[in-house]
Amino acid sequence: MSKNKRAIDRRSFVKTTLGAAAVSPMAGMAWKPFAGRGGRSEILRVGAVGVGGMGWNDLRNVASHAAVEIAALCDVDKNQLENASDTFDEAKKFRDWREMFDTMGSSFDAVIVSTPDHMHAPISMTALMENKSVYCQKPLTHTIYESRRLRDVAIRKPVVATQMGTQNASRISKRQALSMLRDGIIGELTEIHAWSDRPAGWWPQGEDRPAGSDPVPSYLDWDLWIGVAPMRDYKKDTYAPFKWRGFRDFGCGALGDMACHICDTPIQAFKLYKPKSVVVEATDATDDMFPSTERVIFEMAGVDASGGKTVKFSWTDGGRVPKHSELNIDEDFNLGQNTVAVVGSKATLLVNMDGDPPQVFVDGKLKDVTLPDMPEQNHWHQWVDAALGGSQTQSNFGFAGRMCEILSLGALASRFPNQKLAYDARKMTFPDFPEANQYVRGAYRSGWDVPGLELS
Ligand SMILES: NC(=O)c1ccc[n+]([C@@H]2O[C@H](COP(=O)([O-])OP(=O)(O)OC[C@H]3O[C@@H](n4cnc5c(N)ncnc54)[C@H](O)[C@@H]3O)[C@@H](O)[C@H]2O)c1
């Protein structure tokens with residue numbers, strides 16, 4: 001057995017490193033090979049792009065599936081690449097993902113994309129165009145246009161399996177909430193309110209573009225890190241690692257970063273996919289960064305669950321929480337953080353991203369409810385199984401593209417704070433506010449055209 005497959009004791013890794021969020025569905029079961037999508041082998045050969053930070057987590061989780069062979073590793077940071085290669089020493093190493101695709105060709109079947117957000121769609125689209133399955137971190141995309149295109153291409157490729165990296169979506173609590181909402185526990189849907197403690201204390205937002213520059217460290221390929229974004233000077237401890245999230249060129253702010261984990265349940269349960277308008281209430285948004293705190297209010301087109309009536313979907317970040325009265329929950333209840341409240345005519349359902357059981361409130365009071373039985377699931381293994389011929393994934397691009405289009409809309413609207421923007425989803429335009437249209441797609445840096453994401 002190669003070191004790539006034996007390097008990790010799968011079950012102990014899953015138990016000790018990831019806790020309840022990632023319990024192997026294979027535990028206690030003999031592994032049974034799948035027929036393979038499109039006649040592929042029963043082994044899934046995976047290339048991983050971005051192997052530091054969350055990428056290291058993704059890589060080890062995917063590799064802990066018995067049918068996975070890690071074929072290639074790619075990182076613009078030499079130290080991260082060498083670190084991953086110490087464990088997966090038979091995988092080929094790359095600094096440039098384009099070279100990985102060019103030279104490896106058909107000798108890998110699937111890709112993990114765990115880079116900063118601005119590179120998700122270019123790498124994922126390249127993989128899709130080559131019929132490779134994709135596990136891409138959240139948020140799936142950086143712009144409205146990328147969300148629409150990735151979805152459109154993915155749903156037309158039944159041979160590939162896709163999964164956005166919202167591992168919490170596979171937790172029992174989130175799937176219980178999904179099932180309870182679909183079963184009508186709240187009555188008629190009226191409003192959705194979500195809130196997060198980010199970015200405060202996690203990463204900066206609401207500042208002007210950093211001045212000055214520092215020498216690029218020898219281990220980092222800054223040109224490749226910038227990728228499709230406009231070139232800017234390197235600055236130590238400013239962008240890479242991790243702090244790029246608050247910059248418009250690279251991240252999607254707290255909304256893009258956290259709402260994927262928090263708001264996915266009601267959006268998926270009710271197929272609440274059509275924003276009609278958005279307004280971002282904020283005071284310190286800049287050209288370069290998202291605001292340090294904001295309230296984003298979407299008007300969503302009515303769905304069956306709302307009796308066809310428009311649904312208010314509100315997001316608050318920076319640590320503020322909505323008023324209890326908006327949620328129909330008594331004042332003495334601690335609302336916590338990183339939570340969504342789904343408000344209906346009969347009840348309010350609350351679920352957070354931390355795996356706590358969903359809570360139901362009737363007339364403001366917490367009510368005892370029987371939670372549906374759910375089996376354990378592992379988000380990463382579900383994707384591997386799907387790529388080898390298994391069933392649907394929880395956060396496939398068909399859904400993730402829809403949700404990230406909504407979040408990209410909110411991120412875009414923070415460029416025009418306190419201005420209500422009507423959105424024409426069919427045309428992907430702002431009919432009354434043409435200044436905003438230029439940000440629907442953005443422009444990739446010269447020399448970085450990506451087949452599948454070109455201007456149409
Ligand atoms: N699902 C989750 O719970 C979760 C948690 C954290 C981060 N994330 C997501 O994971 C992604 C990465 O976030 P992070 O915090 O790990 O960032 P990070 O900056 O800490 O790490 C990114 C890694 O990708 C590498 N990289 C950057 N550009 C690259 C490129 N073009 N090609 C190859 N490698 C490249 C970096 O060198 C680094 O190793 C983001 O999309 C983020 O939203 C998800």
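Biologist: What makes β9 and β10 a pair, and in which sense do they run?
Modeller: Two strands count as paired when at least two bridges are found between them. Strand β9 (residues 294-300) and strand β10 (residues 311-317) have 7 bridges, in the antiparallel sense. Within this pair, R295 stands opposite T316 in β10. Do keep in mind that this is a predicted model.

Biologist: Which helices pack on that sheet?
Modeller: Helix α10 (residues 253-262) does, touching β7 (189-195), β9, β10 and β11 (339-344). The direction of α10 makes about 120 degrees with that of β10. Helix α14 (residues 397-413) also packs there, against β8 (275-281), β9, β10 and β15, and its direction makes about 40 degrees with that of β8.

Biologist: What is the strand order in this sheet, and what makes β14 and β15 its edge strands?
Modeller: The order is β14-β13-β12-β11-β7-β10-β9-β8-β15, an open sheet of 9 strands with mixed pairing. Strands β14 (365-367) and β15 (421-422) are the edges: each pairs on one side only.

Biologist: And what is the order in the sheet of 6 strands?
Modeller: That open sheet runs β3-β2-β1-β4-β5-β6, with parallel pairing. Its edge strands are β3 (92-94) and β6 (162-164), each with pairing on one side only. On average, neighbouring strands here are turned by 20 degrees against each other, direction ignored. One of the pairs joins β1 (residues 44-49) to β2 (residues 68-74) in the parallel sense over 6 bridges, and V49 stands opposite C74 in β2.

Biologist: Why is α7 called largely enclosed by the rest of the structure?
Modeller: A residue is buried if 20 or more other C-beta atoms lie within 10 Å of its own. In α7, 9 of the 12 residues are buried, so the helix is largely enclosed. Among them are I144, Y145, E146 and A154. The buried residues of α7 pack against α6 (120-129), β6 and α14.

Biologist: How do you know that the span of α7 (residues 144-155) is close to the expected one?
Modeller: From its first C-alpha to its last, α7 reaches 17 Å, close to the 16 Å expected at 1.5 Å a residue.

Biologist: Why are α7 and α14 called roughly antiparallel to each other?
Modeller: They pack at an angle of about 175 degrees, with their axes 8 Å apart. Angles over 145 degrees count as roughly antiparallel, and α7 and α14 are therefore placed in that class. The contact includes I144, S147 and R148 of α7, and F397, G398 and G401 of α14.

Biologist: Why does E90 count as partly exposed?
Modeller: Exposed would need 12 or fewer C-beta neighbours, and buried 20 or more. E90 has 13 inside 10 Å, so it counts as partly exposed. E90 lies in the loop between α4 (78-87) and β3, and its C-alpha is separated by 8.0 Å from that of I70, 20 residues apart along the chain.

Biologist: How do you know that the whole chain agrees with a compact globule?
Modeller: A compact globule of 456 residues would have a radius of gyration near 23 Å, and the protein chain has 22 Å, which agrees. Along its principal axes the C-alpha trace spans about 60 × 55 × 40 Å. Buried residues make up 48% of the chain.

Key
Residues numbered from 1 in each chain as written. Predicted model: local features only at pLDDT ≥ 70, side-chain atom pairs only at ≥ 80, totals over all residues. Rg over C-alpha atoms; globule rule 2.2 N^0.38 Å. Helix = DSSP H or I, 4+ residues; strand = E, 2+ residues; numbered from the N terminus. Axes fitted to C-alpha atoms, helices over the stretch in contact; angles between N-to-C directions. Contact = placed C-beta atoms within 7 Å. Expected span 1.5 Å × (residues − 1). Parallel < 35°, antiparallel > 145°, perpendicular 65-115°, else oblique.
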